[in-house]
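I opened this model to look up a few local features. My notes are below, one topic at a time.

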Amino acid sequence: MTNPESSTTTDWEYVLIERNLWAGSRGASRALRSLYDALPADRRKLLTVGRPSDLFSLGRRRSPLDKSRVRKKVLIASSMLDVFTILGAKLWRPGTVAVGPIYHLVPWSPNPEPLSLRLPKFLVQRTAAALARLTFDGILTENSHLAEWIREGNPRVHVIRKSPGIPRRWVPGQPPSLDRTTRDIDILFVSAVKESKGVYDALQAWERISQAEPGRRMVVAGYADAGDEAKVRSYIRRRALRNVELRVNVEEKEKYDLLGRSKMTILPAYMEGIPYIFYEAMAYGSIVLTYALPTYVDVRSHIVEVPVENVEALAQRALQVLRDDPSKWQRWIAEGFEFSLQHEFEKVMTEVAEDLRSWIEDPRAQSISVQI
């Protein structure tokens with residue numbers, strides 16, 4: 001796309017495509033809805049996919065009698081899986097600009113998910129990512145690893161790399177306590193209770209930790225449906241794990257209370273961008289221990305990592321951090337807290353909206369292409 005000619009005024013309208021399937025989730029849809037809210041109220045529209053007529057109306061002129069003013073659409077996808085919808089809309093209305101997120105890629109291996117789940121997820125997500133990289137004119141990501149992968153496949157795409165974190169209302173009023181004796185939870189797991197998020201790796205590591213130091217305590221505060229909860233409870237019983245408490249679907253207030261009481265947050269996921277919980281844990285003084293995913297390149301100096309799938313290393317590193325000298329512990333907490341403040345959720349998403357508008361609307365901005 002080239003900038004409109006001087007004789008014509010272009011009115012840009014921002015359209016967020018939101019599907020009920022993932023609306024309200026804690027990941028991309030939450031960030032994209034915040035981006036939508038930060039855009040001009042009189043030039044934004046929420047499009048619920050499932051009404052084909054909405055797609056066919058994209059690109060209508062504001063007034064058929066005023067040929068000097070042209071209204072064009074910026075379609076903002078809540079998921080890169082919407083690339084298939086985007087392709088149809090752009091073919092129907094050439095000149096439409098498409099923006100969408102790519103935060104992580106599903107790995108084939110290592111990946112603890114059963115083949116029946118891993119194979120279709122891998123094929124669908126990787127196909128959608130490859131198409132999105134070529135189809136979207138602007139791509140939102142939160143890490144440099146994906147930004148480089150996107151640019152390698154399409155040097156012309158406009159990449160907005162910003163990493164949102166803790167919501168403003170939950171930012172602590174003061175720095176977290178540096179005294180670890182005030183924290184009664186040694187290990188906290190907060191994520192979806194799924195194999196891909198590493199819940200069973202965390203529990204296997206806990207088995208080793210609790211055997212080495214029986215007096216320690218773990219809490220699993222995950223997001224789970226009834227089936228996932230039953231599987232985890234069964235696993236805890238079968239392995240006879242001690243001093244571990246399972247709390248599912250905790251409210252936000254309880255989550256931050258747990259973070260403030262925990263010495264370490266363990267997050268051995270197999271596929272992630274940069275999860276919000278990293279910054280949330282740092283804000284409340286809980287040291288983050290995780291697998292070394294390539295998408296963590298921008299936060300590497302603020303987290304503790306071990307090789308992916310190495311449960312023994314996970315347990316040993318956790319014990320090492322729990323036993324660390326107090327001065328090292330305090331430095332980790334102080335630096336993590338300051339880092340988390342740089343990633344306040346609303347502030348970062350406002351910056352994303354400003355970047356997006358400047359790129360779309362500023363005639364001095366670099367030209368972009370919207371050719372199919």
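**Entry 1: backbone**

I am working with a predicted model.

Which peptide bond is cis? I found the one from serine 109 to proline 110, with omega near -5°. Proline 110 belongs to the loop that runs between strand 4 (97-101) and helix 4 (115-135).

Next I looked up positive phi values. Asparagine 243 is not a glycine, yet its phi is near 55°. I placed asparagine 243 in the loop between helix 7 (226-238) and strand 9 (244-246).

I located glutamate 309 in the loop between strand 12 (304-306) and helix 10 (311-322).

**Entry 2: helix 3 against helix 4**

I then turned to a helix pair. Two packed helices are described by the angle between their axes and the distance between the axes. For helix 3 (residues 83-92) and helix 4, I noted an angle of about 35° and axes 9 Å apart. Their crossing is left-handed.

Which residues meet there? Helix 3 brings Val83, Phe84, Ile86, Leu87 and Lys90. Helix 4 brings Ala128, Leu131, Ala132 and Thr135. I sorted the residues of this contact into 7 nonpolar, 1 polar and 1 charged.

**Entry 3: aromatic rings**

How many aromatic pairs does the whole structure hold? The search gave 8.

I took up the pair of tryptophan 108 and phenylalanine 122. Their ring centres are 5.4 Å apart and their planes lie at 70°, so I logged the pair as edge-to-face. The angle decides this, because planes over 60 degrees apart count as edge-to-face. The pair links distant parts of the chain, 14 residues apart. Tryptophan 108 is in the loop between strand 4 and helix 4, while phenylalanine 122 is in helix 4.

Which charged ends sit over tryptophan rings? The charged end of arginine 118 sits over the ring of tryptophan 108, 4.7 Å from the ring centre. The charged end of arginine 133 sits over the ring of tryptophan 149, at 3.9 Å from the centre.

**Entry 4: histidine 145**

I looked up histidine 145 next and found it in helix 5 (residues 144-153). Histidine 145 is partly exposed, because its relative accessible area is 35%.

What does histidine 145 touch? Setting aside neighbours within four places in sequence, I listed contacts with Pro294, Thr295 and Val297. I also checked tyrosine 103, which is 42 residues from histidine 145 in sequence. The C-alpha atoms of tyrosine 103 and histidine 145 are 9.6 Å apart.

**Entry 5: helix 1**

How many of its 11 residues are buried? I counted 8, and the helix is mostly covered. The buried residues are Ala28, Ser29, Arg30, Ala31, Leu32, Ser34, Leu35 and Tyr36.

How values were computed: Residues numbered from 1 in each chain as written. Predicted model: local features only at pLDDT ≥ 70, side-chain atom pairs only at ≥ 80, totals over all residues. Heavy atoms only, no water. Helix = DSSP H or I, 4+ residues; strand = E, 2+ residues; numbered from the N terminus. Buried < 20%, exposed > 50% of the residue type's maximum accessible area, 1.4 Å probe, protein only. Contact = heavy atoms within 4.5 Å. Axes fitted to C-alpha atoms, helices over the stretch in contact; angles between N-to-C directions. Left-handed = near helix turned anticlockwise from the far one by under 90°. Nonpolar A, V, L, I, M, F, W, Y, C, P; charged D, E, K, R; others polar. Phe/Tyr/Trp six-rings, centres within 6.5 Å; stacked < 30°, edge-to-face > 60°. Lys NZ or Arg CZ within 6 Å of the ring centre and 35° of its normal.
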